[in-house]
Every structure is written in structure tokens, then in C-alpha cells.
Amino acid sequence: MKLSKRLKEVETLIEKDRNVIDVGCDHALLDIYLALNRQNIKITATDISSNAIEGAKKNAKYYKVEDKINFIVTNGLNNLKINSNDILVITGMGGYTMLDILKNNNLPNTLILSAHKDIELIRREIVKLGYYIKKEKAVFDKKWYVIILFEKGLENYEEDDYILGLYTKNNKEYMNYLYEKNKKIALKTNKKNDILKKIEKYL
Ligand SMILES: C[S@@+](CC[C@H](N)C(=O)[O-])C[C@H]1O[C@@H](n2cnc3c(N)ncnc32)[C@H](O)[C@@H]1O
């Protein structure tokens with residue numbers, strides 16, 4: 001089984017022998033890949049949609065790993081048993097939905113988050129929850145995605161780190177993309193876009 005470039009990047013951030021809880025798994029491709037390729041890990045795949053979980057179970061059955069994944073229909077982290085050493089993965093949702101899922105919950109020490117929008121908000125809010133950015137990647141897979149590995153701990157960040165990414169600001173291709181995107185927004189809205197000046201430093 002071959003994962004998309006985006007999900008493969010997520011997978012490479014998952015440390016060996018750590019258990020995974022994938023919230024909003026949809027087709028559960030990441031979880032099936034983990035079940036096929038890693039031994040001795042517990043995988044929990046959840047989704048708010050019972051249809052998604054039904055489809056995910058069928059996929060897992062096709063790959064003969066249905067017994068290796070614990071499928072749960074639930075909203076966010078409701079009714080999930082989370083250990084501090086588990087890795088919580090949430091990808092492919094907007095930043096606000098992710099924050100709704102994460103707030104007021106007992107969270108594990110490691111979070112892998114990839115929001116398709118509001119990435120700056122995710123950085124700021126997750127750091128406020130007592131995490132630091134351990135790793136971060138911008139991946140082009142038909143479009144750009146940012147995947148962030150947060151670990152429990154305190155760190156101080158500059159504005160550029162939140163807005164452009166602690167590590168992604170050094171990715172010239174990604175900065176070019178952000179620059180062009182923000183230039184278009186500035187032209188469309190006829191407003192000065194302060195972010196352009198910030199990005200210019202990294203081009
Ligand atoms: C675009 S899919 C992403 C699938 C997969 N994580 C990925 O990155 O390819 C988003 C999934 O999140 C699920 N979802 C949305 N809100 C949710 C919530 N509050 N709790 C659990 N799942 C949720 C949706 O039902 C959908 O299956």
C-alpha cells in the first residue's frame with residue numbers, strides 16, 4: 001500500500017513503538033499503513049461520521065488489518081482513553097475545528113497536527129496549551145500542507161515563527177508560494193498586506 005506524499009510525511013513523524021490515536025481518520029489510510037508496517041503499536045482510528053468508519057473498516061478488511069485497528073465513532077476526543085505517551089494525530093481539518101477538539105481535554109505529550117487552514121492560529125494556541133514546536137514540514141502534494149509535531153514543553157517564539165512557521169520559514173519554495181498567495185490577496189482587497197514584508201526576508 002502506498003500513502004500519499006502528505007500522509008507519508010505524517011507517518012515519518014510518528015516515532016517507532018508509540019501508540020497512535022488518529023482523530024478524523026476518514027478512510028483510515030494512515031492507520032492501515034501503520035498496521036501493515038509497524039509491529040507492537042496500538043492504533044485507534046476515530047471519526048464523527050459512522051459512514052466514514054464503515055468505509056474505513058472495509059478498507060482495513062481489504063488489507064487484512066481490521067483486527068489491528070480500534071475503530072471508534074465519536075466527536076473529537078469524547079469517550080477516548082488517552083495515555084500521556086500516545087501520539088494524537090489530527091489532519092485534514094480546519095484550525096478552529098481542531099482547537100474545538102483539543103480544548104478542555106487531557107491531551108497526550110505529543111500532537112501531530114496538519115490544519116488545512118488557520119495554521120498560525122494552531123501554532124499560537126497549541127503553544128499556549130504548553131507545547132513547543134519540535135518539528136514542522138511544508139509538503140507539496142498537489143497543494144501545500146503544513147504538518148506540525150508539537151511536544152509538551154515551554155519555548156518562546158518570535159512573531160515570524162507563529163506566522164510563517166519556526167521551520168517552514170526556511171523553506172524557500174513554501175515562502176514563494178505564501179508570498180504569491182498574499183500578494184494576490186493584497187491586490188484583490190486593495191489593502192497593504194504586512195505579511196509580504198515578513199516573507200521577503202526569507203525569499
Ligand atoms: C478531510 S477528512 C481528513 C481525513 C484524514 N485525517 C486525512 O488527513 O486524510 C476530515 C475528517 O474529519 C472528520 N471530522 C470532522 N470533525 C470531526 C470531529 N469533531 N471529530 C471527529 N472527526 C471529525 C470528518 O468526518 C472527516 O472524515
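This is a predicted model: local features need pLDDT of at least 70, side-chain atom pairs count only at pLDDT 80 or more; totals for chains, interfaces and linings use all residues.
Q: Why are β2 and β3 called a pair?
A: Two strands pair if there are at least two bridges between them. β2 and β3 (residues 69–73) have five bridges, in the parallel sense, so they count as a pair. One of the bridges links Asp-47 to Val-73 in β3. The chain crosses from β2 to β3 through helix α3 (residues 50–62), and this β-α-β crossover is right-handed.

Q: What makes the β-α-β unit of β4, α4 and β5 right-handed?
A: The term applies if, with the strands pointing away from the viewer, the path from the first strand over the helix to the second runs clockwise. The unit of β4, α4 and β5 is right-handed, so its path over the helix runs clockwise in that view. β4 and β5 run parallel and are joined by seven bridges; Val-89 has Ile-112 in β5 as its bridge partner.

Q: What is the strand order of the open sheet, and what kind of pairing does it have?
A: The seven strands have the order β3-β2-β1-β4-β5-β7-β6, with mixed pairing. On the parallel side, β1 (residues 20–23) and β4 pair over four bridges, and Ile-21 stands opposite Leu-88 in β4. In the antiparallel sense, β5 (residues 110–117) and β7 (residues 143–152) pair over four bridges, with Ile-148 in β7 as the bridge partner of Leu-113.

Q: Why are β3 and β6 called edge strands?
A: β3 and β6 (131–141) each pair on one side only. For β6, the partner β7 runs antiparallel and is joined by ten bridges; Glu-136 stands opposite Ile-148 in β7. The hairpin of β6 and β7 has one residue between the strands, and Lys-142 takes a positive phi near 70 degrees there.

Q: Which strands do helices α1 and α5 lie across?
A: Helix α1 (residues 5–12) lies across β4, β5, β6 and β7, running at about 155 degrees to β6. Helix α5 (residues 119–128) lies across β5, β6 and β7, at about 155 degrees to β5.

Q: What makes residues of domain 1 and domain 2 count as being in contact?
A: The domain assignment gives domain 1 (5–163) and domain 2 (171–203). Two residues are in contact if their C-beta atoms, placed from the backbone, lie within 7 Å. Four residues of domain 1 meet this cut-off with five residues of domain 2. The side of domain 1 that touches domain 2 has three nonpolar, no polar and one charged residue. The C-alpha centres of the two domains lie 28 Å apart.

Conventions. Residues are numbered from 1 along each chain as its sequence is written. Helices (H or I, at least four residues) and strands (E, at least two) are DSSP runs, numbered from the N terminus. Domain bounds come from an automatic or database domain assignment. Ala, Val, Leu, Ile, Met, Phe, Trp, Tyr, Cys and Pro count as nonpolar, Asp, Glu, Lys and Arg as charged, and the others, Gly among them, as polar. Axes are lines fitted to C-alpha atoms, for helices over the stretch in contact, and angles run from 0 to 180 degrees between N-to-C directions.
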